[in-house]
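Let's walk through this one together, a feature at a time. Have the fold open in your viewer as we go.

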Amino acid sequence: MSLSAARVEALFLESGALRAGHFALKSGRHGDRYVEKFQVLQFPRAVSELCAAFADRVRGPDGRPLVDLVVGPTTGGVILAFETARQLGLRGIFAEEVKDASGAARREFRRGFRVDPGSRVLLVDDILTTGGSLLAMLSPIEAAGAELVLAAVIVDRSGGATHVTSPVTGHSYPVEALWSLDLPTYEAGAATCPGCAAGLAVEAPGSSGTKAT
Ligand SMILES: [Zn+2]
């Protein structure tokens, strides 16, 4: 994709989506940097620049899109699918998480969203960590009989994913990221964590807001 990793990092830094400090992570470990993706997604101009790189990836030599539809998972993927589709002149739709009778979560295109059999699909998402979010999107795409051309993410934190493989069909689909980010984590304690060693206050960031502990 045409956007440089350095430019993506700059967009994250400028927007406050990549912060430096001393953080208590959900895993219980500590980190010295933290990604809050919605900080960058709140700036349409930054989103537009990121999605232009997604769109470029699926344009043919004549400039026309090689896909028919852009899809994303809630919540960040809604914004990304919208903007990427706007730039390509296509529809952009999203899949929501629903729970079946047993309580297992899966993703579904609802609200009357149509995915035609044989249609070529670009899947967009914000951060790839374990790959679970992309995997969950394969099921509704494959169930519709559509063809996933590319899964494009802004940030790969998985350590270098190149494909996502459907557990249902066994098909492997290409994954591309604009930026690969490997953030070190530390066991809490002055002997193992630089932030603890420096005596810095610990922040516990998360979806409920940033609050000091
Ligand atoms: Zn620490």
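**Reading the fold, starting from a helix**

Q: Which residues of α3 are buried?
A: In α3, burial applies to V47, L50, C51, A53, F54, A55 and R57. Keep in mind that this is a predicted model.

Q: Where does helix α3 lie, and at about what angle to β7 does it run?
A: For a helix on a sheet, name the strands under it and then the angle. Helix α3 (residues 44-57) lies across β6 (120-128), β7 (147-156) and β9, and its direction makes about 150 degrees with β7. Helix α4 (residues 76-88) can be read that way too: it lies across β3 (69-73), β4 (91-99) and β6, at about 135 degrees to β6.

Q: What is the order of the strands in the open sheet?
A: The seven strands go β5-β4-β3-β6-β7-β9-β8, and the pairing is mixed. At the edges stand β5 (105-108) and β8 (163-165); each has a single partner strand, so one side of each has no neighbour in the sheet. From one strand to the next, the twist averages 30 degrees.

Q: How many bridges join β8 to β9?
A: Three, and β8 runs antiparallel to β9 (residues 172-180).

Q: Is L25 buried, exposed or partly exposed?
A: Count the neighbours around the side-chain position. L25 has 16 other C-beta atoms within 10 Å, so L25 is partly exposed. You'll find L25 in the loop between β1 (18-24) and β2 (30-35).

Q: Which residues is L25 in contact with, leaving aside neighbours within four places in sequence?
A: H30, G31 and T185. Look at T185: 160 residues from L25 in sequence, yet 8.6 Å away in space, C-alpha to C-alpha.

Q: Where does pLDDT stay under 50?
A: Always check confidence by region as well as on average. The chain averages a pLDDT of 93, with 96% of the residues scoring at least 70. Residues 209-213 are where pLDDT stays under 50, and the model has eight contacts for them beyond four places in sequence.

Notes:
Residues are numbered from 1 along each chain as its sequence is written. This is a predicted model: local features need pLDDT of at least 70, side-chain atom pairs count only at pLDDT 80 or more; totals for chains, interfaces and linings use all residues. Helices (H or I, at least four residues) and strands (E, at least two) are DSSP runs, numbered from the N terminus. A residue is buried if 20 or more other C-beta atoms lie within 10 Å of its own, exposed if 12 or fewer, and partly exposed in between; C-beta atoms are placed from the backbone. Two residues are in contact if their C-beta atoms, placed from the backbone, lie within 7 Å. Two strands pair if DSSP finds at least two bridges between them. Axes are lines fitted to C-alpha atoms, for helices over the stretch in contact, and angles run from 0 to 180 degrees between N-to-C directions. pLDDT is the predictor's confidence in each residue, from 0 to 100.
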